[in-house]
Amino acid sequence: MKRPTLFSPLAAGLLELQHRVVMAPLTRMRASQPGNVPNLLNAEHYRQRATPGGLIIAEATQVSETGQGYPAAPGIHSDAQVEGWRAVTRAVHERGGLIALQLVHSGRISHSSLQPGGGLPAAPSAVVAAGNAFTRDWERASFEVPRALETGEIPAIVSSFRSAARNAIRAGFDGVELHGANGYLIEQFLQSRTNKRADQYGGSIANRMRFLVEAAQAVAEEIGAGRVGVRLSPFGIANDTGEDDPVPLYTRAVEALSELGLAYMHLIEPRASGTGAADISRPEMPSACALLRPHWRGKIISAGGYDLRTAQEAISAGNADAIAFGRLFIANPDLVERLRAGAPLNAWDRSTFYGGTAAGYTDYPAYKIVA
Ligand SMILES: Cc1cc2nc3c(=O)[nH]c(=O)nc-3n(C[C@H](O)[C@H](O)[C@H](O)COP(=O)(O)O)c2cc1C
């Protein structure tokens, strides 16, 4: 059988991709206020990056008011947000593209100024993250000690993922991705440093992965498993995370999710920082894809520090089925065409990653062939 390339088609659940260059979820904090509503500038950003049969995974989007982690991060829990997203999905579909929405609850990676009524962010346990939150006024403030969730509150959070998925489909998305990576609520449940619970959601691996599995089941039941992906960062260190012994935990979690028949598993490779917060590289770490591939029945998207050569290698070696690009997609609206042509790439400007307007968002130039 001929080996696939980055430009071979791929069926991932119900998602029919015409090539394997995926746009990674990228938080840009540019939703309209009040209400964290996606707007026409956001639609233009995604429109520029859409290609026929190309999958875009839209930025982490809170499933509820309490799930918000950053100022001007969009939500998918109000009608206005659903309307706003509709313009985004329409723009991508008009170019023949596919778009999934990443669903997040930020848990402790939030700040009371972003919470309804100014309450403390809630998390599996009252364990504070090292580092700084973004406040509602875009200031940096130390993370607060979160409030530990009562057992009885957890089903409502699972339900908020379910209703967010339903809203995403109403807004025209082709699917959703559960954000189980980079230190947000799902990962806070998974990892022992952030989960000190004594109930059925803490302690053993089976208990720590319960929230993830329940959320994935609920979402799959709501919109169909073939439209659902999950993102994990087994070796990640973003947002003060890191499991001492990640292999048993993530092997079990991936095996349990594999039973659900989801569209894809999206794994962040440890050699890049999970959030792209700095250009750090950890080449000594093992490959998450290679390690977890045997435990997953479906398709795998791999992300983290890829360029054209390493992406092609990962696909042809069979370690991954598709490659997600983050920072290169920020800087190159026409990344897919550039990779196809082997054209040079624009460099990204970190100063315009978060917040602001069109600068560094919709004004990166497309490649022009000089005759
Ligand atoms: C500005 C910025 C925002 C990001 N936002 C998200 C996000 O919303 N959800 C997520 O899972 N990862 C997020 N990431 C991580 C990227 O999806 C990706 O995993 C990371 O940048 C590594 O890939 P790269 O080397 O191709 O950039 C973000 C990264 C950057 C640079």
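# Briefing: ligand, cores and local details

A polar contact of 2.7 Å joins the side chains of Asn167 and Arg170. (A polar contact is a pair of N or O atoms within 3.5 Å; within protein, one must be able to donate a hydrogen and the other to accept it, and residues adjacent in sequence count only if both atoms are side-chain atoms.) This is a predicted model, in which local features need pLDDT of at least 70 and side-chain atom pairs count only at pLDDT 80 or more, while totals for chains, interfaces and linings use all residues. Residues are numbered from 1 along each chain as its sequence is written, and side-chain values use heavy atoms, with hydrogens and water left out.

**Asn167 in its helix**

- Asn167 sits in helix H3, residues 154–170. Helices (H or I, at least four residues) and strands (E, at least two) are DSSP runs, numbered from the N terminus.
- Asn167 counts as buried, at 11% relative accessibility. Buried means under 20% relative accessible area, exposed means over 50%, and partly exposed lies in between (1.4 Å probe, protein chains only).
- Asn167 is in contact with Ile76, His77 and Val82, leaving aside neighbours within four places in sequence. Contact means heavy atoms within 4.5 Å.

**The ligand**

- The ligand is surrounded by 20 residues. The closest are Thr27, Gln102, Arg231, Gly305 and Arg327. A residue is near a molecule if one of its heavy atoms lies within 4 Å of it.
- The shell divides into 8 nonpolar, 10 polar and 2 charged residues. Here Ala, Val, Leu, Ile, Met, Phe, Trp, Tyr, Cys and Pro count as nonpolar, Asp, Glu, Lys and Arg as charged, and the others, Gly among them, as polar.
- An oxygen atom of the ligand is 2.5 Å from an N or O atom in the side chain of Thr27.
- For the side chain of Arg231, the distance from a ligand oxygen to an N or O atom is 2.6 Å.
- At Gly326, a polar backbone atom is 2.8 Å from an oxygen atom of the ligand.
- Taken alone, the ligand exposes 600 Å², and the protein buries 97% of that. Such areas come from the Shrake-Rupley method with a 1.4 Å probe; for residues, only the protein chains shown count as cover.

**Nonpolar cores**

- In soluble globular proteins, nonpolar side chains tend to be buried together.
- The largest nonpolar core has 83 residues. Leu103, Phe161, Phe211 and Phe325 touch the most other members. A nonpolar core is a set of buried Ala, Val, Leu, Ile, Met, Phe, Trp, Tyr and Cys residues joined through side-chain atoms within 4.5 Å.
- Helix H6 (residues 210–223) gives this core its largest share, 9 residues.
- A second, separate core has 15 residues, including Ala100, Tyr264, Ala322 and Ala324.

**Thr89 in helix H2**

- Thr89 lies in helix H2, residues 79–94. This residue is buried, with a relative accessible area of 2%.
- A polar atom of the Thr89 side chain lies 2.7 Å from the backbone oxygen of Ala171.
- Not counting residues up to four places away in sequence, Thr89 touches Ile99, Ala171, Gly172 and Phe173.

**Loops and backbone details**

- Which bond joins Gln33 and Pro34? A cis peptide bond does, with omega about -5°. Pro34 lies in the loop between strand E3 (21–23) and helix H1 (40–49).
- Asn36 is found in the loop between E3 and H1. Its phi is near 55°, a positive value in a residue other than glycine. Asn36 is buried, with a relative accessible area of 11%.
- Trp138 also has a positive phi, about 65°, although it is not a glycine. The loop holding Trp138 runs between strand E7 (132–134) and strand E8 (140–142). Trp138 counts as partly exposed, at 38% relative accessibility.
- Thr135 is placed in the loop between E7 and E8. Thr135 is buried, with a relative accessible area of 8%.
- Asp334 is in the loop between helix H10 (327–331) and helix H11 (335–341). Asp334 counts as buried at 12% relative accessibility. Its side chain makes a polar contact of 2.7 Å with the side chain of Arg338.
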